[in-house]
Amino acid sequence: MGSKRRGSDRIERCDSCGRTVPRTKAVSFVKKSYFTTDLRTNDNVSLATEIEVYYCISCGKHRKIFEKKKKLLEQQKNRGAY
Ligand SMILES: [Zn+2]
């Protein structure tokens, strides 16, 4: 009893407040960021990268990430209706 292996839990840092949270409690969210050099020539470079960030539960609530995730899930369900 009471010998939980806490070391096996991966720790993530909240992207908003910097608090460390175990991954099981963290709220993951995929941020899409676009990078472009804004050159009006053929040298223009544009990149779309996806970064996975983690928030603690309170920040997740505050930033309405749960609602966003719900919406995303609903969209996926609507698209992939079998
Ligand atoms: Zn936080």
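Me: In this predicted model, what share of the 82 residues in the chain is buried?
Reply: Buried residues make up 10% of the chain.

Me: Why does G60 count as buried?
Reply: The cut-off for a buried residue is 20 or more other C-beta atoms within 10 Å. G60 has 22 C-beta neighbours inside 10 Å, and therefore G60 counts as buried. This residue lies in helix α1, which covers residues 57-62.

Me: Which residues does G60 touch, leaving aside those up to four places away in sequence?
Reply: G60 touches V27, Y55, I65 and F66 on that basis. As for V27, its C-alpha atom and that of G60 are separated by 6.3 Å, although the two residues are 33 residues apart along the chain.

Me: What makes up the largest nonpolar core?
Reply: Six residues form it: V21, A26, V27, Y54, Y55 and C56. Among the contacts of Y55, not counting residues up to four places away in sequence, are A26, V27 and G60.

Me: Why is helix α2 said to lie largely in the open?
Reply: The number of buried residues among the 15 of α2 is zero, so the helix lies largely in the open.

Me: How do you know that the span of α2 agrees with its number of residues?
Reply: The expected span is 1.5 Å times one less than the number of residues. For the 15 residues of α2 (residues 65-79) this gives 21 Å, and the end C-alpha atoms are 21 Å apart, so the two values agree.

Me: What pattern does the chain follow along the sequence?
Reply: The pattern is β-β-β-β-α-α, with two helices and four strands in the chain.

Notes. Residues are numbered from 1 along each chain as its sequence is written. This is a predicted model: local features need pLDDT of at least 70, side-chain atom pairs count only at pLDDT 80 or more; totals for chains, interfaces and linings use all residues. A nonpolar core is a set of buried Ala, Val, Leu, Ile, Met, Phe, Trp, Tyr and Cys residues joined through C-beta atoms within 7 Å. A residue is buried if 20 or more other C-beta atoms lie within 10 Å of its own, exposed if 12 or fewer, and partly exposed in between; C-beta atoms are placed from the backbone. Two residues are in contact if their C-beta atoms, placed from the backbone, lie within 7 Å.
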